Amino acid sequence: MEVIAFDSADFRPITVYDSRGAGLMRLARSGDDLSVVAITLEPGGVLGRHPATADQLLVVIAGSGLVSGADAQPEPIAAGSAALWSAGELHETRAGPTGLLAVVIEGALALTATDQDASTTPPAR
């Protein structure tokens, strides 16, 4: 087992797409098929509007903010919720007054949370 701390010193600044107060830390990769990163946004920070290179699932684990997709309409998001963008979809993430910490999973994804009954037994490994 390995425990990974989200230490701010480990986050690489994100400056592309007019991003501000944004950082990225790579967590895991499976060949070219799947990437898992942590994203941090300082209070008021923004990960600028850009196309998703693959399906992207942003899971907020701390803080809150706004996300938008192809229609550019901001939607509130907070710890305990997630946003899913399709490959090629323009999207943006903005942090609220307390900042935002999220895990982003990128690859060929299908949202299944709404298809499952929470009382069912998890799949066998």
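This is a predicted model: local features need pLDDT of at least 70, side-chain atom pairs count only at pLDDT 80 or more; totals for chains, interfaces and linings use all residues.
Among contacts in this chain between residues at least 6 apart in sequence, 62% join residues at least 24 apart, where a contact means heavy atoms within 4.5 Å. Residues are numbered from 1 along each chain as its sequence is written, and side-chain values use heavy atoms, with hydrogens and water left out.

The overall plan is quick to describe: 0 helices and 7 strands, so the pattern along the sequence reads β-β-β-β-β-β-β; helices (H or I, at least four residues) and strands (E, at least two) are DSSP runs, numbered from the N terminus. Of the 125 residues, 35% count as buried, and buried here means under 20% relative accessible area, with exposed being over 50% and partly exposed in between (1.4 Å probe, protein chains only). The chain exposes about 7,800 Å², and carbon and sulfur atoms supply 55% of that; accessible areas come from the Shrake-Rupley method with a 1.4 Å probe, and for residues only the protein chains shown count as cover.

Now follow strand β3, residues 34–51. It runs antiparallel to β2, and 9 bridges join the two; strands pair if DSSP finds at least two bridges between them. Within this pairing, A22 stands opposite L41 of β3. β2 and β3 form a hairpin with 3 residues between them, and G31 in the turn has a positive phi of about 55 degrees. β3 also pairs with β7 (residues 90–107), again in the antiparallel sense, over 12 bridges. There, V46 has R94 in β7 as its bridge partner.

The loops hold some backbone angles to check. Most residues other than glycine have a negative phi. Y17, though, has a positive phi near 60 degrees. Y17 is found in the loop between β1 and β2, and with a relative accessible area of 44% it is partly exposed. V16 is in that loop too, between β1 (12–14) and β2 (20–30), and counts as partly exposed because its relative accessibility is 47%. A72 likewise has a positive phi near 60 degrees. A72 is placed in the loop between β4 (56–68) and β5 (75–78), and it is partly exposed at 41% relative accessible area.

Finally, the largest pocket has a volume of about 460 Å³. It is lined by 23 residues, and the closest to its centre are L24, I39, H50, Q56 and E106. A pocket, on a 1 Å grid over the protein atoms alone, is an open set of points where a 1.4 Å probe fits, with protein on both sides within 12 Å along at least five of seven lines, and lining residues have an atom within 4 Å of a point. Grid points are joined across faces, edges and corners, and the volume is the space filled by probe spheres set on the points.

Which strands build the lining? β1, β2, β3, β4 and β7 each supply at least two residues, and the largest share, 6 residues, comes from β3.
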